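This briefing describes how two protein chains meet in a model. Please keep the sequence and the structure in view while reading.

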Amino acid sequence: MTAVAPAVSAPIAAPAHAETILSVRDLRTQFFTRDGVVRAVDGVSFDLKRGETLCIVGESGCGKSVTALSILGLIPAGAGRIVGGSVRFEGTELTTLSEAEMRRIRGNRISMIFQEPMTSLNPVFTVGQQIAESVSIHQGLNRRQAWDRAIEMLSLVKIADPKRRAGEYPHQLSGGMRQRVMIAIALACNPQVLIADEPTTALDVTIQAQILNLMLELKDRLGTAIILITHDLGVVAETAQRVIVMYAGRKAEEAAVDELFRHPIHPYTRGLMASIPRRSAAGRRSQVRGRLQEITGIVPSLREEIPGCAFAPRCGFAVDRCTREQPPFEAHRPAHFAACWEAARVVGTPR
Amino acid sequence: MSAPEMVLKVQDLKKHFPVHKGLLSRVVGHVFAVDGVSFEIRRGETLCLVGESGCGKSTVAKTVMRLQEPTAGTVELNGADITKLDQEELRAHRRQMQIVFQDPYSSLNPRMSAGAIVSEPLTNYGIAAGPELTQRIAQLFERVGLRADAMVKYPHEFSGGQRQRLGIARALAVNPRLIVADEPVSALDVSVQAQVLNLLIDLQEEFQLAYLFVSHDLAVVEHIGHRIAVMYLGRIVELADNADLFGTPLHPYTEALLAAAPLPEPGLKRERIILQGDVPSPMNPPSGCRFHTRCPYALPECKVTDPPLLEVAPGHHVACLRRPVGTDGAPLTRTA
């Protein structure tokens with residue numbers, strides 16, 4: 001009943017010549033509440049290349065999920081909106097598209113998987129119907145063809161006995177199987193981009209391993225680019241090619257995965273890495289029950305405008321300038337960017 | 001030097017929940033949430049219960065506290081069996097054990113001030129009153145890293161990490177010997193998680209507290225646990241010292257669990273066993289060894305014989321037919 005999966009090999013960075021498929025520039029998304037304006041995403045830019053896996057990592061409230069929702073045009077009208085910046089997908093500006101035009105892209109060319117598979121599936125339709133709906137709308141297949149495609153997708157995501165399962169309702173499936181169905185729906189139209197927002201956070205660790213492996217395998221097979229949003233540095237290390245670290249709605253750091261874990265620059269990234277209890281491979285365990293390094297304090301409120309670096313109040317390296325001027329996001333090592341005035345001093349300090 | 005005194009001794013603990021169905025709510029079966037669990041915890045020691053959702057780890061925590069009545073088995077707190085006591089008799093013993101819950105949002109009364117939340121157990125047991133009470137609460141607040149002037153605030157005015165500190169202060173108020181912590185850091189962000197774990201370790205050293213620490217997170221468990229019990233479908237399948245369990249895991253389920261957890265080290269090449277399928281229903285657990293349906297090393301007799309939890313090496317207990325007493329921990333040969 002078990003299979004030995006090949007060790008997930010170290011992902012190689014996307015080839016330099018791979019073309020950019022999604023380009024986000026200076027994205028600003030705000031929510032308007034009774035208590036004031038919440039700057040959830042505050043000037044985020046990045047590129048996604050064809051077939052690449054990009055991880056966005058950060059703690060709750062750092063703006064990683066809102067970034068994803070902004071790309072897909074899913075910010076609930078009335079609560080908030082994109083107030084600036086651009087999102088270009090294959091040359092098309094998405095932020096100015098009408099809802100009807102956006103619907104032709106969403107679920108078809110750009111798909112999304114959410115954290116909680118139970119609430120993102122419709123409880124009154126069979127899982128087969130839900131996959132078929134997506135392909136019949138976007139690809140104009142007739143009922144027979146759409147149903148066949150649904151079964152094909154269920155077997156692609158390795159659900160045993162797909163013919164029978166296609167006729168079942170979400171509540172009849174386990175959490176891991178529901179997430180497989182979500183992946184089947186998301187990939188049914190062969191999207192160019194898949195955005196996965198904490199896809200394994202609600203799952204047990206043995207099931208998480210199954211789902212991550214499945215996503216990477218399908219990505220290689222179908223050439224889909226993935227934006228994986230997570231708070232888990234373990235998941236980042238095992239899946240990402242490139243990583244963006246977010247803090248308080250802004251980018252703190254960006255680099256290829258090996259580079260980031262080996263030479264973190266931003267004090268927040270370093271703090272995050274030092275604060276997680278380490279499980280290392282057997283035989284090379286770190287010291288048991290040493291004190292964990294803490295990041296003192298709490299994340300800032302996004303209701304107030306932060307003139308300087310958002311991390312400054314919690315940062316051991318902060319100088320006067322950090323609280324006054326926002327640091328530029330610039331390269332401090334080859335292809336390794338961070339927003340920190342004191343980067344040189346931070347890097348010179350042993351971890 | 002003799003071993004520290006025993007604080008908690010649990011023997012053959014069982015908790016079965018009846019499943020009702022139909023108009024007359026007839027009992028159609030039972031969920032075997034906890035099905036024969038034994039362990040002990042000494043002063044100053046942390047025992048971690050680790051496992052996936054539905055393995056019964058939280059039910060063990062609640063049953064030990066008698067927040068749920070055990071179906072069978074005994075729970076000895078400081079040498080006295082508390083499973084047969086009535087509520088009045090239990091009250092005196094409850095003072096010795098306190099619980100910290102997972103969700104710091106729903107486990108604090110939103111209508112009570114922080115000071116009132118922490119003082120309630122003290123007035124309840126008549127430990128302190130008046131100025132002495134205020135002074136004691138101020139001490140507790142400072143001990144868990146909250147400002148004493150935060151006493152007048154309400155739970156919603158605190159962050160998640162601060163609320164968990166409040167929950168810990170409430171548990172500490174009556175000077176318990178045992179603290180049951182049910183996923184105390186799971187709802188917190190990693191940077192805050194470290195603050196709370198450090199606090200728990202400091203408090204243990206200061207007061208020689210015994211911890212029953214329930215978690216699904218192997219990294220947290222490895223960091224904080226002196227001894228670790230791995231649960232699967234209502235049973236402990238492996239119980240060992242921290243170094244033994246993580247260094248030479250013997251049960252195939254432990255091995256798979258360790259291999260499945262992603263490590264924050266990119267490019268680390270591991271041959272990982274990915275378990276296929278899902279955890280079977282605890283209403284209808286598999287015959288023989290409960291893990292045989294997903295085990296890569298299962299033999300035909302594993303379907304029939306339910307393996308007992310045996311001490312196969314000093315302090316290292318495992319329930320697996322392929323790991324007999326004296327086993328050397330060499331890799332097993334696959335059968336599937």
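**The interface between chain B and chain A**

No salt bridges are counted between chain B and chain A. The model is a predicted one, and polar contacts between the two chains, with both residues at pLDDT 80 or more, amount to 12 residue pairs.

**Extent of the contact**

- Chain B contributes 54 residues to the contact, and chain A contributes 52 residues.
- About 5000 Å² is buried between chain B and chain A, and carbon and sulfur atoms account for 53% of that area.
- On the side of chain B, the residues that lose the most area to chain A are Pro264(B), Pro266(B) and Ile274(B), which together make up 13% of what that side buries.

**Composition of the chain B side**

- At least two residues each come from helix H6 (190–207), helix H7 (218–224), helix H8 (242–247), helix H9 (252–260) and strand S11 (272–274) of chain B.
- The element that gives the most to this side is H6(B), with 11 residues.
- Sorted by class, the side of chain B that touches chain A holds 26 nonpolar, 15 polar and 13 charged residues.

**Helix H9 of chain B**

- H9(B) is mostly covered, since eight of its nine residues are buried.
- The buried residues of H9(B) include Pro252(B), Tyr253(B), Thr254(B) and Ala256(B), as well as Leu257(B), Leu258(B), Ala259(B) and Ala260(B).
- Both chains take part in covering these buried residues: among the covering elements are helix H8 (205–222) of chain A and, from chain B, H7, strand S9 (227–232), strand S10 (235–241), H8 and S11.

Notes. Residues numbered from 1 in each chain as written. Chains lettered and ligands numbered in written order. Predicted model: local features only at pLDDT ≥ 70, side-chain atom pairs only at ≥ 80, totals over all residues. Heavy atoms only, no water. Contact = heavy atoms within 4.5 Å. Buried area = accessible area lost by both parts, 1.4 Å probe. Salt bridge = Lys/Arg side-chain N within 4 Å of Asp/Glu carboxyl O. Polar contact = N/O pair within 3.5 Å; in protein donor to acceptor, adjacent residues only side chain to side chain. Helix = DSSP H or I, 4+ residues; strand = E, 2+ residues; numbered from the N terminus. Nonpolar A, V, L, I, M, F, W, Y, C, P; charged D, E, K, R; others polar. Buried < 20%, exposed > 50% of the residue type's maximum accessible area, 1.4 Å probe, protein only.
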